[in-house]
Amino acid sequence: MKVSYNELHGLCRKAFQAMGFEDGDASDAADMVAWMQLYELEGLAALNRGLRFLLEDTDERPPEIVYADGDLAVLDSHGHSVLKSSSLALELGFAKARARGLAVIKIQHCHNRQLIMGYLARLAGRGMNVTAFWRNAQDVEEAVGCPMIEQVVGFRANSSVPEIRVYAVREVPEENEPNDGITLVMANHVDLLPSLRSDYDVDLLACHEESKLLACRQRAMQEGIEVDDELWSRLKALSTRLLVEATEDSRSGAGAGSTDND
């Protein structure tokens, strides 16, 4: 089925509120999913893969700054989705890059990393060159015979779309460790767009260029955004649960229920 951007954003926002997001965070998270879907980058598929994790995540700890100096910061996300934990890191990096010309930010222990792309688009819209890098969380023993997947997403300043490269490294480096983080590089005056140059044997799995993504956006705005019927129904069920709980709370004055039968 096809829906408008506003329909997709509105339903996602209500679903995130039902998952316990604060109103502002729910709107931001909806922006991230809808932005990816608008450019045919499978934002809803990424959300669907992480939906069970989001529903079960009850840890309320905020992101923690582990280390910081003028040009570098390391933050511990405590295992949260980037939808809940990346805004502090990105704003910190933006401020450092504005002051110093370039900044490097490392977000440790985070999930749903694909969904950070919409946040990066916001920074690019504010005049910042920004590139994000991450690799699959791979155990060294599990890596034997399996390629290591790495992804680079780069926005030039004031651009609405990124350049994206996804590739497989068949010769896994000896220093490879399980990785559930993201590294961000931000620069005021230097483009940081990705290109493949490696001493390792790599296979390019996906290449999304700016011109192709702009064409995707134009098509989606004219024809509607494609969504999966089953996932749409699940998000509607979540948003309905929020409405029911809010109604019951207003009648009884009791706290919201905590069960999830999806």
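At 30% relative accessibility, C207 comes out as partly exposed, a label for the range between buried (under 20% relative accessible area) and exposed (over 50%), using a 1.4 Å probe and protein chains only. C12, by contrast, is buried, at 0%. A search of the whole structure turns up zero disulfides, a disulfide being a pair of cysteine sulfur atoms within 2.5 Å.

All of this rests on a predicted model, where local features need pLDDT of at least 70, side-chain atom pairs count only at pLDDT 80 or more, and totals for chains, interfaces and linings use all residues. Residues are numbered from 1 along each chain as its sequence is written, and side-chain values use heavy atoms, with hydrogens and water left out.

On to the salt bridges: the structure holds 13, each one a side-chain nitrogen of Lys or Arg within 4 Å of a carboxyl oxygen of Asp or Glu. R156 takes part in a salt bridge with D191, with the closest N and O atoms 3.0 Å apart. That pair links distant parts of the chain, 35 residues apart: R156 sits in the loop between β6 (148–155) and β7 (163–169), and D191 in the loop between β8 (182–187) and β9 (202–208). Helices (H or I, at least four residues) and strands (E, at least two) are DSSP runs, numbered from the N terminus. R156 also forms a salt bridge with E210, again with the closest N and O atoms 3.0 Å apart. E210 belongs to helix α7 (residues 210–223), so this pair ties together parts that are 54 residues apart in sequence. As for cover, R156 is partly exposed at 28%, D191 is partly exposed at 45%, and E210 is buried at 15%.

Another salt bridge joins the side chains of R100 and D71 (2.7 Å, N to O). R100 counts as exposed at 53%, while D71 is partly exposed at 32%.

Most residues other than glycine have a negative phi. H109, however, has a positive phi near 55°, and N112, also not a glycine, has a positive phi of about 55°. N112 lies in the loop between β4 and α6 too. H109 is partly exposed at 34%, whereas N112 is buried at 17%.
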